[in-house]
Amino acid sequence: VRYVDEYRDPALARSLAAEIRSLVTAGEVVRVMEVCGGHTHAIYRHGLEELLPPEVELVHGPGCPVCVIPTGRVDDAIAIAETDGVTLATFGDMLRVPGSRGSLLDAKARGADVRMVYSPLDALALAAQEPDRHLCFFAIGFETTAPATAVTLLRARADGTPNFSVFCNHVLIEPPLRAILDSPGLTVDAFIGPGHVSTVIGTDAYRFIPEEYGRAVVVSAFEPVDLLQSIAMLLRQRAEGRCEVENQYTRVVRREGNERAVAAIAETMEVREDFEWRGLGVLPASALRVRDAFAAFDAERQFALPGARIEDPKACRCGDVLTGRIKPWECGVFGTACTPERPLGTCMVSSEGACAAFFSYGRLRRPREQVPVVG
Amino acid sequence: VTGAERHDERVSSVHERLHCVTCADEAVAARVRTVEALAAVVDLDGRLERVAIDLVPEARPGDLLLCHAGIALERLVEGP
């Protein structure tokens with residue numbers, strides 16, 4: 001079941017594109033930030049920018065969970081993986097994110113036991129299968145992924161699994177949005193809100209954007225028709241003088257979100273004082289850690305971690321890409337020193353990263369002199 | 001089928017996947033075949049997988065579930 005055909009209907013997409021053209025004023029550019037990396041990926045994959053008039057400019061946001069993890073936390077994960085008797089499990093994309101001494105895949109090549117899983121529940125199952133080893137799950141992700149970690153912690157406690165821990169790096173969507181909205185010289189006029197984060201936290205979570213910052217938000221699904229409809233909804237708000245949170249993804253997102261998921265997160269995790277984000281710096285109250293009640297499963301209490309704060313390579317401009325200040329191809333190492341095969345920065349690692357998405361789908365559409373093309 | 005058995009297959013197929021493994025950027029909708037205690041067996045692109053339904057305990061056979069990282073996040077309302 002793909003459940004996508006009706007959301008990729010070319011005729012519908014063309015009629016929405018025509019509506020978008022009718023809603024813009026010639027020469028008046030509207031800058032729309034898509035917060036979620038999934039939207040960035042879909043926009044490039046389906047060539048949606050080609051359908052938009054020049055008055056609609058899409059700006060890529062900070063919502064790729066892999067891209068925002070700072071180098072120091074990757075080094076911490078590698079330190080855990082290189083501990084005797086420990087297996088570190090994480091999502092596939094995290095294996096390739098460069099730390100200061102290479103990636104987790106490099107650590108695996110040096111002999112560390114690093115494994116890829118699709119779910120923290122799979123990591124918990126591995127712990128049960130291999131009772132002589134300690135299994136640590138390197139948890140990353142926004143509110144979309146935190147519920148899976150929460151359910152896993154609850155099950156670990158219920159099962160009394162003694163050899164399992166979570167290295168918690170879950171982050172929250174509101175603080176980076178506020179950081180962007182508070183940044184001097186903000187040029188974003190409206191937001192396409194994340195779809196799956198909203199499944200969990202609901203659409204009311206974004207009301208601060210219109211109420212405090214005067215910017216419209218439309219929570220969107222991920223298919224081409226969805227994204228075009230969301231852009232049309234944002235432009236319609238402007239045309240009608242409205243500024244509010246609207247929900248395009250009504251087939252799955254509810255205003256109040258999934259209360260069970262929110263409760264599971266709240267039971268197992270609490271907000272940290274601050275957390276370092278790649279490109280955004282240290283943001284207060286922007287991430288989650290494991291609660292005291294689950295201390296037995298908290299890798300940060302089980303392992304001595306380096307906890308170093310490490311600067312990104314000077315040539316890497318992931319921070320500027322993540323905050324919409326530059327487009328991927330405006331980074332000096334895009335497509336040359338930094339490619340999906342050998343990423344220098346995180347935005348080139350995950351397929352949701354703006355640089356990787358543009359490298360895969362968008363670069364050939366731009367004049368050669370603008371885009372260095374290799375490989 | 002869980003854990004290590006699924007792991008090998010997935011390592012080999014990771015480069016063929018179009019969406020991010022961390023965040024399910026496509027609506028990974030899966031049709032429920034059967035429901036067990038706290039888990040549902042779903043049909044994900046023709047492959048049967050077990051997902052946790054702790055957060056969607058009302059899931060029934062025939063429902064479409066939005067699945068991410070091994071758990072169901074929400075039921076989908078069908079039809080545009």
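The model is a predicted one, in which local features need pLDDT of at least 70 and side-chain atom pairs count only at pLDDT 80 or more, while totals for chains, interfaces and linings use all residues. Residues are numbered from 1 along each chain as its sequence is written, chains are lettered from A and ligands numbered from 1 in the order in which they are written, and side-chain values use heavy atoms, with hydrogens and water left out.

**Chain A as a whole**

Chain A holds 14 helices and 13 strands, where helices (H or I, at least four residues) and strands (E, at least two) are DSSP runs numbered from the N terminus. Its C-alpha atoms fill a box of roughly 65 × 45 × 45 Å along the principal axes. For 375 residues a compact globule would have a radius of gyration near 21 Å, and chain A, with 21 Å, agrees with this; the radius is taken over C-alpha atoms, and the globule rule is 2.2 Å times the number of residues to the power 0.38. Of the 375 residues of chain A, 61% count as buried, buried being under 20% relative accessible area, exposed over 50% and partly exposed in between (1.4 Å probe, protein chains only). Among contacts (heavy atoms within 4.5 Å) in chain A between residues at least 6 apart in sequence, 76% join residues at least 24 apart.

Strand β5 of chain A, residues 134–141, is largely enclosed by the rest of the structure, because eight of its eight residues are buried. In a regular strand the side chains alternate between the two faces of the sheet. In β5(A) both faces are covered, with H134(A), C136(A), F138(A) and I140(A) buried on one side and L135(A), F137(A), A139(A) and G141(A) buried on the other.

Two strands pair if DSSP finds at least two bridges between them. Strand β3 of chain A (residues 86–90) runs parallel to β5(A) and is joined to it by four bridges, with L88(A) opposite C136(A). Strand β6 of chain A (residues 164–170) is also parallel to β5(A), through seven bridges, and here F137(A) stands opposite V166(A).

**Nonpolar cores**

A nonpolar core is a set of buried Ala, Val, Leu, Ile, Met, Phe, Trp, Tyr and Cys residues joined through side-chain atoms within 4.5 Å. The largest has 128 residues, and those with the most contacts inside it are L104(A), F164(A), F191(A) and L65(B). Apart from it lies another core, of 24 residues, among them A13(A), I43(A), V56(A) and A232(A). Not counting residues up to four places away in sequence, F164(A) touches residues including H134(A), L135(A) and F137(A).

**Salt bridges**

Three of them are listed here.

| Pair | Closest N and O atoms |
|---|---|
| R238(A) and E28(A) | 3.6 Å |
| R115(A) and D113(A) | 2.9 Å |
| E256(A) and R254(A) | 3.0 Å |

R115(A) is buried, with a relative accessible area of 16%, whereas E256(A) is partly exposed at 38% and R254(A) is partly exposed at 31%.

Note on methods. Salt bridge = Lys/Arg side-chain N within 4 Å of Asp/Glu carboxyl O.
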